[in-house]
Amino acid sequence: MNVLNLNILRSIFVSRLIFKIHGGTTYKDIERNVLHAEMMAKQLINRNVDTVLFFDEANTCEALGMIKEIMVDRRCNGRPLSDRLKFIVACNPYRRQVQFQ
């Protein structure tokens, strides 16, 4: 079996979670979702399955610093995260508010 086929097979064995972020999303909301995803990752560690947490519309909340800590530093409030927990983030383009006169 070649490397491409192995990567395709590996991608099948991934647990996925979607976290839809909005302007009212709090630091606690983010922490709760990350800890839930990490719990799932730890439950699946013996099955050699990665867990992926997808942050949708991450730039719409005030907690971008926390999302950076999670994704880049791999920590949540200073606590290290499981290596089996992966992250994907989507940011929407900035939309200028038009004022009508």
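Predicted model: local features only at pLDDT ≥ 70, side-chain atom pairs only at ≥ 80, totals over all residues.
## Basis of the model

Residues are numbered from 1 along each chain as its sequence is written, and side-chain values use heavy atoms, with hydrogens and water left out.

## Elements and surface

The chain holds 3 helices and 5 strands, where helices (H or I, at least four residues) and strands (E, at least two) are DSSP runs numbered from the N terminus. Read from that terminus, the order of elements is α-β-α-β-α-β-β-β.

Of the 101 residues in the chain, 34% are buried (under 20% relative accessible area, with a 1.4 Å probe and protein chains only). The chain exposes about 7300 Å², of which carbon and sulfur atoms supply 56%, the areas coming from the Shrake-Rupley method with a 1.4 Å probe. Among contacts (heavy atoms within 4.5 Å) with a separation of 6 or more, 69% are between residues 24 or more positions apart.

## Helix 2 and helix 3

The axes of helix 2 (residues 27–43) and helix 3 (residues 64–73) come within 10 Å and cross at roughly 20°; axes are lines fitted to C-alpha atoms over the stretch in contact, with angles running from 0 to 180 degrees between N-to-C directions. The two helices are therefore roughly parallel to each other, a term for angles under 35 degrees.

Tyr27, Ile30, Glu31 and Val34 of helix 2 make the contact with Met66, Ile67 and Ile70 of helix 3. These residues divide into 6 nonpolar, no polar and 1 charged, with Ala, Val, Leu, Ile, Met, Phe, Trp, Tyr, Cys and Pro counted as nonpolar, Asp, Glu, Lys and Arg as charged, and the others, Gly among them, as polar.

Key
Parallel < 35°, antiparallel > 145°, perpendicular 65-115°, else oblique. Buried < 20%, exposed > 50% of the residue type's maximum accessible area, 1.4 Å probe, protein only.
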